[in-house]
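Biologist: I would like to learn how to read a model like this one. Please take me through it one feature at a time.

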Amino acid sequence: MSENNEQIDQQAAYDAWYIAEVEKGLVDVENGNVLSDTEAEAEMKIFMETLHKKHGTTAA
């Protein structure tokens with residue numbers, strides 16, 4: 001397979017994955033499976049603390 005065809009196949013696979021992820025997210029929203037602002041901020045704080053412990057404060 002040529003490099004161009006391989007890139008096209010990879011892009012198509014990524015596009016299909018991305019669309020599926022967006023559709024899953026939309027189903028979650030429709031079903032009320034969402035975080036409040038406070039919950040999202042708490043999760044992000046924990047994520048950033050973990051990232052900084054692993055890679056230092058320049059990681060993000």
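Modeller: Start with lysine 45, which is exposed at a relative accessible area of 54%. Exposed means over 50% relative accessible area, buried means under 20%, and partly exposed lies in between, using a 1.4 Å probe and protein chains only. This is a predicted model, in which local features need pLDDT of at least 70 and side-chain atom pairs pLDDT of 80 or more, while totals for chains, interfaces and linings use all residues. Residues are numbered from 1 along each chain as its sequence is written, and side-chain values use heavy atoms, without hydrogens and water.

Biologist: With which residue does lysine 45 form a salt bridge?

Modeller: Side chains of opposite charge can pair when their charged atoms come close. A salt bridge here is a side-chain nitrogen of Lys or Arg within 4 Å of a carboxyl oxygen of Asp or Glu. Lysine 45 pairs with glutamate 49, at 4.0 Å from N to O. Glutamate 49 is partly exposed, at 39% relative accessible area.

Biologist: Where do glutamate 49 and lysine 45 sit in the chain?

Modeller: Both belong to helix α2, residues 37–55, where they are four residues apart, or about one helical turn. Helices are DSSP runs of H or I with at least four residues, strands are E runs of at least two, and both are numbered from the N terminus.

Biologist: How many salt bridges does the structure hold?

Modeller: There are two. Besides the pair above, glutamate 21 bridges to lysine 24, with the closest N and O atoms 2.8 Å apart. These two residues are three places apart in helix α1, residues 3–30, again about one helical turn. Glutamate 21 is partly exposed at 33%, and lysine 24 is partly exposed at 48%.

Biologist: How many helices and strands does the whole chain have?

Modeller: It has two helices and zero strands. Its radius of gyration is 18 Å, well over the 10 Å that the globule rule gives for 60 residues, so the chain is more spread out than a compact globule. That radius is taken over C-alpha atoms, and the rule is 2.2 Å times the number of residues to the power 0.38. Along the principal axes, the C-alpha atoms fill a box of roughly 45 × 35 × 10 Å.

Biologist: What percentage of the 60 residues is buried?

Modeller: Buried residues make up 0% of the chain.
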